[in-house]
Amino acid sequence: MEWSDLKLFLAIARLGTLGAAARSLGLTQPTMGRRLRALEISLGQTLFQRTADGFILTDEGTTVFAHAERIEEEALGLERELAGQSRQLDGLLRLSSSDWFGAHVLSPVLAEFSAAYPKVIIELLTDSRLLSLSRREADIVFRIAPFTETEVISRKLLHIDYGLYIRRGLPHPEAGDGRGARLVTMDEAFGGMPDVGWLQRMLPKADIAMRSNNRDVQATLCAGGAGLAVLPRPLGDAIPAIEPVDLGETPPGRDTWVGYHRDMKRLARLRALLDLVIERLA
């Protein structure tokens, strides 16, 4: 058995198709198929049931999956420990945050850090996925929920105030009504966000005009006159075309947390970046 094929096996098991697994590893689908067949032949077992909906683990595949995850964790643990011993202020740091936070809050700090440490390459991933620190999908993660993983070192970084905004010059709605007003709000997948319920309570008769899970998109729509939007203050206050709306009660704010894997605590470039982020934002 080729041990490297276990990485391919795990990708197929987690993503469900050869195509998705191939893209995640930077390989071609035929290569994935050949190496999977080679792994099954070497083990003498069929690891997946091929269905119209994708690849489903067989009983034998489920057994291999449990062992392969443990092997993966040991390999990643070794990689993290060796990386964490590095004292050099060069190399790669991969960060994960929401789109607006990365663009409007983190980017100025990262630019300052890059000027001070030009040999450190920063990779900032901004999307809604919760990237794994243990799998080194990211080295530092910024998110709006506390970290519960025992292997993660984390702290609350800062509290972000939110506000309700409208295109400058348009009439402001009345609290408790909202008749005739149009709203730009989160999409249905994020309907449980605190600001969505706040909007419904404060402006119950307003109509929903647009939905988006991207705060920058919401801000652009608001500036274009599509409707009122609840935005983080660092984003909304920076846009000249919109102005805050006072309904007598501010929208709920959010805390931002920062976390990294405990094996990376001795990584000099990570410590240097965290120190600057905390100094500028905390």
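Okay, let's start with a question: among contacts in the chain between residues at least 6 apart in sequence, what percentage join residues at least 24 apart? It's 75%. Keep in mind that this is a predicted model.

Some overall numbers, then. The chain has 282 residues, and buried ones make up 42% of them. The accessible surface is about 14,800 Å², and carbon and sulfur atoms account for 51% of that. On charges, we have 34 positive side chains and 37 negative ones, with the centres of the two sets 2 Å apart.

For secondary structure, count nine helices and twelve strands.

Take the one with the order E4-E3-E5-E12-E6: five strands, open, with mixed pairing. E4 (120-126) and E6 (152-160) are its edge strands; each has a single partner, so one side of each has no neighbour in the sheet. From one strand to the next, the twist averages 20°. Inside that sheet, E5 (residues 140-143) and E12 (residues 254-261) are antiparallel, paired over three bridges. Now the helices here. H9 (residues 268-281) packs on the sheet, touching E3, E4, E5, E6 and E12, and its direction makes about 40° with that of E3. H5 (residues 99-116) lies across those strands too, E3 (91-97), E4, E5, E6 and E12, and runs at about 175° to E4.

On to the other sheet. This one is also open, with five strands and mixed pairing, and the order is E9-E8-E10-E7-E11. The edges are E9 (207-211) and E11 (242-245), and because each has a single partner strand, one side of each is left without a neighbour in the sheet. Here the twist averages 40° from one strand to the next. E7 (residues 162-167) runs antiparallel to E10 (residues 228-232), and four bridges join them. Gly163 sits opposite Leu231 in E10. The helix to look at is H7 (residues 215-223), which lies across E7, E8 (182-185), E9, E10 and E11, at about 140° to E10.

Last stop, up at helix H1, residues 4-15, which holds Asp5. So is Asp5 buried or exposed? Its relative accessible area is 8%, so it counts as buried, given that the cut-off for buried is under 20%. Leaving out residues up to four places away in sequence, Asp5 touches Arg35 and Leu39.

That's my tour, thanks.

Terms used. Residues are numbered from 1 along each chain as its sequence is written. This is a predicted model: local features need pLDDT of at least 70, side-chain atom pairs count only at pLDDT 80 or more; totals for chains, interfaces and linings use all residues. Side-chain values use heavy atoms; hydrogens and water are left out. Helices (H or I, at least four residues) and strands (E, at least two) are DSSP runs, numbered from the N terminus. Buried means under 20% relative accessible area, exposed over 50%, partly exposed in between (1.4 Å probe, protein chains only). Contact means heavy atoms within 4.5 Å. Accessible areas come from the Shrake-Rupley method with a 1.4 Å probe; for residues, only the protein chains shown count as cover. Lys and Arg count as positive and Asp and Glu as negative; His and the chain ends are not counted. The place of a charge is taken as NZ of Lys, CZ of Arg, CG of Asp or CD of Glu. Two strands pair if DSSP finds at least two bridges between them. Axes are lines fitted to C-alpha atoms, for helices over the stretch in contact, and angles run from 0 to 180 degrees between N-to-C directions.
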